[in-house]
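Hello,

Here is the structure I promised to pass on. Please open it beside this email and follow along.

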Amino acid sequence: TMHAKEIRSKKEIKRKNVFMKDSSLNNGGCEWITYPQSYKEYKKNINTYNTALELFKKSNFSNSDNVGNHIHINRNYFGNAHKLGACKLALLFARFWSEFVAIAKRSNTSYTRKPAHTENDSIFDLVEKSIRAENDHSVAINTQHDNTIEFRLWSGINNGADLLFYLDITQSVATFAKKKSIDSCQKCKFIDILKYLTD
């Protein structure tokens, strides 16, 4: 057997997942944290995720209304305009809240809040609302982390297809927000965002 130091020195061994206790989960629940990677990489390794989820089910772990699938995107995706990017994401989530809640398969959203942004806000009001919510852990588009923007609305996953779908819808909203102006985010239709889905 190899010692931990020797294992860490092997370049081919990469740590891609962490499991930890989460205070919001009871009865022995745990949080599964995956390491940053592209949608393409998740898709390539989806059989591994399906195998893990099947093993969880066999070990009596289950998905529930208390479970969330929080997806983080790197602030660097928006470059130096990451605060504006987060503002546009919050605006899109506020405008299409009922659509995103339906996609998330949520009947109760008390654990996260709809962003305060509205399509009639001036750019100054939108930025002010984003600044006020900057360290608010419970808002659906969360900017409390130094390096990422967190999407908190999605529900837990039952299989790899669920995971890929939530990753894909997240990247489509982010792509739309990156490419479009505030004005476009205030006037677009929901279908305009879905045009950026990969699959």
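Contacts across the sequence come first. Take the contacts in the protein chain with a separation of 6 or more: 66% of them join residues 24 or more positions apart. Keep in mind that this is a predicted model.

Now the overall layout. The protein chain has nine helices and five strands. Along the sequence they follow the pattern α-β-β-α-α-β-α-α-α-β-β-α-α-α. The chain holds 199 residues, and 38% of them are buried. Its accessible surface is about 12300 Å². Carbon and sulfur atoms account for 51% of that surface.

**The core**

In soluble globular proteins, nonpolar side chains tend to be buried together. The largest nonpolar core here has 43 residues. Which of them touch the most other members? They are Leu89, Leu92, Phe93, Phe100 and Trp154. Helix H7, residues 160-179, gives this core its largest share, with nine residues.

Look at Trp154 next. Setting aside neighbours within four places in sequence, tryptophan 154 is in contact with residues that include Gly68, Asn69 and Ile71. Phe93 and Phe100 are also among its contacts. So are Tyr166, Ile169 and Thr170, among others.

Stay with helix H7 for one more residue. Serine 172 lies in this helix. Is serine 172 buried or exposed? Its relative accessible area is 0%, so serine 172 counts as buried. Beyond residues up to four places away in sequence, serine 172 touches Ile193, Tyr196 and Leu197.

**The surface**

Some nonpolar residues sit on the outside. Leu84, Ile123, Phe124, Val127 and Ile131 form a nonpolar patch on the surface. Together they have about 480 Å² of accessible area. Helix H6, residues 123-132, supplies the largest share of the patch, four residues. Valine 127 is found in helix H6. With a relative accessible area of 35%, valine 127 is partly exposed.

Look in the loop between strand E4 (141-142) and strand E5 (148-151). Asparagine 147 counts as exposed, at 57% relative accessibility. Which residues does asparagine 147 touch, not counting those up to four places away in sequence? The answer is Ile73, Asn74 and Arg75. Asparagine 147 and isoleucine 73 are 74 residues apart along the chain. Their C-alpha atoms are separated by 8.5 Å.

**The cysteines**

A disulfide is a covalent bond between the sulfur atoms of two cysteines. How many disulfides does the structure hold? The count is zero. The cut-off is 2.5 Å between the sulfur atoms.

Cysteine 87 is buried, at 1% relative accessibility. Cysteine 188 is buried too, with a relative accessible area of 7%.

**Where to start**

Then turn to helix H6 and its share of the nonpolar patch.

Best wishes

Note on methods: Residues numbered from 1 in each chain as written. Predicted model: local features only at pLDDT ≥ 70, side-chain atom pairs only at ≥ 80, totals over all residues. Heavy atoms only, no water. Core = buried A, V, L, I, M, F, W, Y, C linked by side-chain atoms within 4.5 Å. Buried < 20%, exposed > 50% of the residue type's maximum accessible area, 1.4 Å probe, protein only. Helix = DSSP H or I, 4+ residues; strand = E, 2+ residues; numbered from the N terminus. Contact = heavy atoms within 4.5 Å. Patch = residues over 30% accessible without salt bridge, like charges linked within 9 Å, V, L, I, M, F, W, Y side chains within 5 Å. Areas by Shrake-Rupley, 256 points an atom, 1.4 Å probe, with all protein chains shown as cover. Salt bridge = Lys/Arg side-chain N within 4 Å of Asp/Glu carboxyl O.
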